[in-house]
Amino acid sequence: MTLKEQIEDFFNQDAGSLDRDAALRTFNEFKFFLNQGEIRAADRSTEDGSVDGWSVNSWVKKGILLGFRLGQMHDYSPNAQFRYFDKSTFPLKSLSLEHGVRVVPGGTSVRDGSFVAPNVVIMPPAYINVGAYVDEGTMVDSHALVGSCAQVGKRVHLSAATQVGGVLEPVGAMPVIIEDDVMVGGNCGIYEGAIVKRRAVIGAGVILTGSTPVYDLVKGAIYRRTATRPLVIPEGAVVIQGSRHIDGDFARQHHIAIYTPVIIKYRDEKTDAATALEESLR
Ligand SMILES: CC(C)(COP(=O)(O)OP(=O)(O)OC[C@H]1O[C@@H](n2cnc3c(N)ncnc32)[C@H](O)[C@@H]1OP(=O)(O)O)[C@@H](O)C(=O)NCCC(=O)NCCS
C-alpha cells in the first residue's frame, strides 16, 4: 500500500480497534515527509479537479487528524516554571542551523509537521502550525499565524498580526494558498481556502473569508466562492478595505453599509515601491 492508502486506511478505522503501533509508524513516516516539504496539503497541478492551478491532497489533512487521534497528552515543560502540555505526536519542529531559517528569539513556535524553507525569517511571536508550507525568502512578521496546512509561496511578506487560517478547525477542505511574491499588509485575515495569486497585494486590514465577495473596480467584476472554486484574488491585484451600501428600506433608512474588500488597481511601480522588501533585513 502507498503511504496515502495506509493513512486513509488507518483514518477510516475505529480508534478503539486500530493497531496503534502500526498506525504510529505510518504517521511518523508521513510526518517525516511533511517536515521535508515533500508531502503537502495542496500541490501545484493542472490535472482534472484542480482549482486555479492547485489540487488539494485531502488525505494529508486526514493524516494530521490521525496524528491527533494517536497522540497522548505529554508534558513538554522545560522546567517547573514554564509548563506546556500537548499531544505526544505534535512536539515542536526540531529546527537546527542547517535548516537555514532565522527564528528570532521570543515566543515563536513552529510545530512539527510543518515545512519551513531556508531563508525564511520568523519574527516573534509567530506561530506556524502543522501541515503549513512556507517557501523560501518569506517573512513571517510578529503576531502572524500561518494556520494548519496553509501554503505560502516564495518571497511573501506576511506583515505583523496577519492571520492565515487553517483547515483543521473549523473544518475546511481547501487550505489557504498564498502564491509567490504576495504582500499581505498588517492585520489582515485570510481564511477558508482563499487563493491569493502571484504578486497580489492585500492592503492592511483586509479580511477575506469564503463568504466575502471582492469587487474588482478595474475590471468591473465580482469575485466570490462558488460550489467548485474558492475565492480567488487575481494575480497582481491590489485589494484594500471598502464598504458598500445595503439594499432594503431599513438599511437605507439607517445608512447601513458593510465592509467589503475592493480591488482598487493592479500592481504598478508605485505599489512595488510601497511594498518593496528590504534585502538587508533577510
Ligand atoms: C495597498 C497599499 C500597498 C497601497 O498600494 P499603492 O499601489 O501604493 O496604492 P495607491 O497609493 O496608488 O492607492 C490607490 C488608491 O487607493 C487608495 N488606497 C490605497 N491604499 C489604501 C488603503 N489601505 N485604504 C484605503 N484606501 C487606500 C489611495 O488613496 C488611492 O486612491 P486615490 O487615487 O483616490 O487617492 C497600502 O495601502 C497598504 O496597505 N500597505 C501595507 C502596509 C502594511 O501593512 N505594512 C506592514 C508593515 S509590518
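Is aspartate 86 buried, partly exposed or exposed? Aspartate 86 is partly exposed, because its relative accessible area is 23%. Buried means under 20% relative accessible area, exposed means over 50%, and partly exposed lies in between (1.4 Å probe, protein chains only). This is a predicted model, in which local features need pLDDT of at least 70 and side-chain atom pairs count only at pLDDT 80 or more, while totals for chains, interfaces and linings use all residues. Residues are numbered from 1 along each chain as its sequence is written, and side-chain values use heavy atoms, with hydrogens and water left out.

Aspartate 86 has a partner. Its salt bridge is with arginine 111, and the closest N and O atoms are 2.8 Å apart. A salt bridge here is a side-chain nitrogen of Lys or Arg within 4 Å of a carboxyl oxygen of Asp or Glu. Aspartate 86 lies in strand β4 (residues 85-87) and arginine 111 in the loop between β6 and β7, so the pair ties together parts that are 25 residues apart in sequence. Helices (H or I, at least four residues) and strands (E, at least two) are DSSP runs, numbered from the N terminus. Arginine 111 counts as buried, at 9% relative accessibility.

The structure holds 15 salt bridges. One of them joins lysine 154 and aspartate 135, at 3.1 Å from N to O. Lysine 154 sits in the loop between β13 and β14, aspartate 135 in the loop between β10 and β11, 19 residues apart. Lysine 154 is partly exposed at 29%, whereas aspartate 135 is buried at 11%. Arginine 252 and aspartate 249 also meet in a salt bridge, at 3.2 Å. These two are three residues apart in helix α4 (residues 249-253), so about one helical turn separates them. A network of salt bridges links Arg44, Asp52, Glu179, Lys197 and Arg229.

Now the sheets. Two strands pair if DSSP finds at least two bridges between them. Within this sheet, two bridges join β13 (residues 151-152) to β16 (residues 177-178). Valine 152 stands opposite isoleucine 178 there.

Another open sheet of six strands runs β6-β9-β12-β15-β18-β21, again with parallel pairing. Its edges are β6 (109-110) and β21 (207-208). Valine 164 has isoleucine 190 in β18 as its bridge partner.

Strand β25 takes part in two pairings. With β20 (residues 201-202) it pairs in the parallel sense over two bridges. With β26 it pairs in the antiparallel sense over nine bridges. Glycine 242 stands opposite threonine 260 in β26.

Last comes the surface. Isoleucine 264 lies in strand β26 (residues 257-266). It is partly exposed, with a relative accessible area of 40%. Aspartate 268 lies in the loop between β26 and α5 (269-275). Aspartate 268 is partly exposed as well, at 32% relative accessibility.
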